[in-house]
Amino acid sequence: MVKLFPAQPEPELLDTLLKLKRAGLIADAGGKEDGGDGSIEATGFFTRPVFPEPATAGAAAASQSDETLQILRKQGYVARIAKRAAEEKKLEKGQKIQVLVIEDDEQLGKLLRMFLQMHDYIPRMAANKDQIVAALRIPPKPDVVLLDVVLPDIDGFEVLARLKQHPVLKSVPVVMMTAKATREAVLKGLVHGADGYITKPFDVDIISHAIRSVIDLK
C-alpha cells in the first residue's frame, strides 16, 4: 500500500535519486497503489510536507502564463485552456470516466454533478480537506480532477501540489476551476503542473471539452 508523501530527502539527494530512477537503475519501493481493493492510502495527505516550487521552472512557466493571459483577455478573462494528453485514453467496454470534483460552492457542485452524470461520467464530490481524503480513498483512482482554488480550509494550489507530487496520483490530470484570472494565479497553477485552467463563470460544456482534452478521449 503506497503511503502519501513520505519524508522528503535533501534536494541534492532527491536530484540523484531522480537521475537514477530515469536511468532505470532504481524503482519506487512497493510499486502498488492500493491494498488489493483499488483504494488509495490517503493517511497524511494534508500533514506531510510538499516539495518547494522548482526554481528552474519559473521562466518557462512565466512565459506560458503570459500567453495564457493574452488569451484570457481576448475571451473576457475566461480561460478555456487544457493541455492535450500524451497518450489517447482507451476505455474498456462499459468503462466510464471517473471525475473527482473539488468544489465548495453547493449550487455549482450540484450543477456539475448533474452535468457529468448526464454525459456518462461518474462524479465524486468533495468540498473540504476531509472530503478530499475520503474521495481519494474510493476505488478506483480518478481519471481527472476538477479543482477549485478557493476552498474553506485549504488552498487549491496546495492540493494541486500534493496531487502532482504523489507517486500514484501525479499522473491524474488536474483542471483548475477558479475566479482568479491574474498572472500570478495562472503562473502558480502552471508551476505546480495544472493540466487545464478555466475561470468562472463558465459554460458547463467547457468542462466536458477540458476533460476530454486532458485525457485525450475521442
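**View 1. Salt bridges of the predicted model, with E103 and K200 in close-up.** A search of the whole structure finds 6 salt bridges, each being a side-chain nitrogen of Lys or Arg within 4 Å of a carboxyl oxygen of Asp or Glu. In one of them the side chains of E103 and K200 meet, at 2.8 Å from N to O. Because E103 lies in the loop between β2 and α3 and K200 in the loop between β6 (196–199) and α7 (204–214), the pair ties together parts that are 97 residues apart in sequence; helices (H or I, at least four residues) and strands (E, at least two) are DSSP runs, numbered from the N terminus. E103 is buried, with a relative accessible area of 5%, whereas K200 is partly exposed at 22%; buried means under 20% relative accessible area, exposed over 50%, and partly exposed in between (1.4 Å probe, protein chains only). E103 and K200 also belong to a salt-bridge network with D148.

**View 2. The salt bridge between E106 and K110.** The closest N and O atoms of this pair are 3.5 Å apart, and the two residues, 4 apart in helix α3, are separated by about one helical turn. E106 is exposed at 55%, while K110 is partly exposed at 48%.

**View 3. The salt bridge between D195 and K164.** These side chains meet at 2.8 Å, N to O, linking the loop between α6 and β6, which holds D195, to helix α5, which holds K164, 31 residues apart. D195 and K164 are both buried.

Residues are numbered from 1 along each chain as its sequence is written, and side-chain values use heavy atoms, with hydrogens and water left out. In this predicted model local features need pLDDT of at least 70 and side-chain atom pairs count only at pLDDT 80 or more, whereas totals for chains, interfaces and linings use all residues.
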